Amino acid sequence: LVNAFPRESVALYNYAMRGENKKADELYKWFLPLLRMDTVPKFVQLIKLVQQEVAMGHERVRAPRCVMAGAERKEALDTLKAALAKRPKV
């Protein structure tokens, strides 16, 4: 998700490296639902979907993968929508 959220990714790293634990924790709590998309079998499709939705790429994937569809797609988009609604300023 670094490609979809580069500012947040860099900020999280910098907060952690500088020992700014409170800031790092707050940003991590916001980021965690999105980061969990990277831990499931369809992580490639999920990340590419997120990248498309934030105008940082396209959801196209190479065979044998297929783009997200149905309830899985809706759940991913709902998670993303909730995160974007509370996107922190970094």
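Of the 90 residues of the protein, 30% count as buried. The model is a predicted one. Its secondary structure comes to four helices and zero strands. Along the sequence, the pattern reads α-α-α-α. Taken along the principal axes, the C-alpha atoms fill a box of roughly 45 × 25 × 20 Å. Contacts between residues at least 6 apart in sequence were also examined, and 54% of these join residues at least 24 apart.

The largest nonpolar core has 21 residues. Within this core, the residues with the most contacts are Phe5, Trp30, Phe31, Leu34 and Val50. Four helices each supply at least two core residues: α1 (6-17), α2 (21-35), α3 (43-53) and α4 (70-85). The largest share comes from α2, with five residues. In soluble globular proteins, nonpolar side chains tend to be buried together.

Trp30 is among the core residues with the most contacts. Its neighbours within four places in sequence are left aside here. Beyond them, Trp30 is in contact with Phe5, Glu8, Ala83, Lys86, Arg87 and Pro88. One of these partners, Phe5, is likewise listed among the core residues with the most contacts.

Trp30 also takes part in the contact of α2 with α4. The axes of these two helices, α2 and α4, come within 9 Å and cross at roughly 165°. An angle over 145 degrees counts as roughly antiparallel, and α2 and α4 are therefore roughly antiparallel to each other. The crossing of α2 and α4 is left-handed. On the α2 side, the contact is made by Trp30, Pro33 and Leu34. On the α4 side, Thr79, Leu80 and Ala83 make the contact. By class, the residues of the contact of α2 with α4 divide into five nonpolar, one polar and no charged. Leu34, which belongs to this contact, is also one of the core residues with the most contacts.

Helix α3 was examined next. In α3, the buried residues are Gln45, Leu46, Ile47, Leu49, Val50 and Gln51. What covers these buried residues includes α4. Val50 is also among the residues with the most contacts inside the largest nonpolar core. After α3 comes Ala55, whose phi is positive, near 60°.

Gln51 has its place in helix α3. The relative accessible area of Gln51 is 11%. Buried means under 20%, so Gln51 counts as buried. Leaving aside neighbours within four places in sequence, Gln51 is in contact with Asn3, Ala4, Met56 and Gly57.

Lys48 also has its place in helix α3. At 25% relative accessibility, Lys48 counts as partly exposed. The limits for this class are 20% and 50%. Again leaving aside neighbours within four places in sequence, Lys48 is in contact with His58, Glu59, Arg60 and Val61.

Definitions and conventions: Residues are numbered from 1 along each chain as its sequence is written. This is a predicted model: local features need pLDDT of at least 70, side-chain atom pairs count only at pLDDT 80 or more; totals for chains, interfaces and linings use all residues. Side-chain values use heavy atoms; hydrogens and water are left out. A nonpolar core is a set of buried Ala, Val, Leu, Ile, Met, Phe, Trp, Tyr and Cys residues joined through side-chain atoms within 4.5 Å. Buried means under 20% relative accessible area, exposed over 50%, partly exposed in between (1.4 Å probe, protein chains only). Contact means heavy atoms within 4.5 Å. Axes are lines fitted to C-alpha atoms, for helices over the stretch in contact, and angles run from 0 to 180 degrees between N-to-C directions. Angles under 35 degrees count as roughly parallel, over 145 as roughly antiparallel, 65 to 115 as roughly perpendicular and the rest as oblique. A crossing is left-handed if the near helix is turned anticlockwise from the far one by less than a right angle, and right-handed if clockwise. Ala, Val, Leu, Ile, Met, Phe, Trp, Tyr, Cys and Pro count as nonpolar, Asp, Glu, Lys and Arg as charged, and the others, Gly among them, as polar.
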